[in-house]
Amino acid sequence: MINIAICDDDRMATESLEKMLYEIAAESNITIRCESFYGGTALTGVISEQRSYFELIYLDIEMDDMSGIHTALQLRDLALPVLIVYVSAHEEYLKELFRTEPFRFLSKPVKKTELREVFHAACRRMFSRILTLFHTPQTAPHRYILPPSFYPSPVRVLPYMAAQVP
């Protein structure tokens, strides 16, 4: 399962993005869980208190309480290997976004075809994070996928899962 956060102060945009993500994931046989936040303060609060882990965050830039850029900088300060996709109509911030190491940028209004492309690219990136562990020199290596949400917590290992992402 991929844990996704959507952070935008526009409730209609958030609901629309969530609906499209569930449709795209279902078409691709990928299980996701989306959680919506209507401001950067709420998102960073939940993550910093370790109440939730997200592999992928869709983040608006201009929000009432905290800008998306400031939110992303706070997330990067926590050293979380989360993929951040900016979703905004404000392309004038593109140079400033590079400080936060974004994965992608989607322009509003979001087109489902573009969202699908970005979602699949994010899935490929997440599923490629494979760790090879050696138990003893006499045994063959065992491959595991460690979802990014496992890194800040005590190490928990999942058996290797093959994923077909378009």
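The legends below describe close-up views of a predicted model. Local features need pLDDT of at least 70 and side-chain atom pairs count only at pLDDT 80 or more, while totals for chains, interfaces and linings use all residues. Residues are numbered from 1 along each chain as its sequence is written, and side-chain values use heavy atoms, with hydrogens and water left out.

View 1. Glu-55 counts as buried because its relative accessibility is 3%, buried meaning under 20% relative accessible area with a 1.4 Å probe and protein chains only. A polar atom of the Glu-55 side chain lies 2.6 Å from the backbone nitrogen of Asn-3. Although Glu-55 and Met-1 are 54 residues apart in sequence, their C-alpha atoms are 9.7 Å apart in space.

**View 2. The open sheet.** The sheet has 5 strands in the order S2-S1-S3-S4-S5, with parallel pairing, two strands being paired if DSSP finds at least two bridges between them. Strand S2 (32-37) and strand S5 (104-107) stand at the edges with a single partner strand each, so one side of each is left without a neighbour in the sheet.

**View 3. The pairing of S1 with S2.** Strand S1 (residues 2-7) pairs with S2 in the parallel sense over 6 bridges. Ile-6 has Ser-36 as its bridge partner in S2.

Note on methods
Buried < 20%, exposed > 50% of the residue type's maximum accessible area, 1.4 Å probe, protein only. Polar contact = N/O pair within 3.5 Å; in protein donor to acceptor, adjacent residues only side chain to side chain. Helix = DSSP H or I, 4+ residues; strand = E, 2+ residues; numbered from the N terminus.
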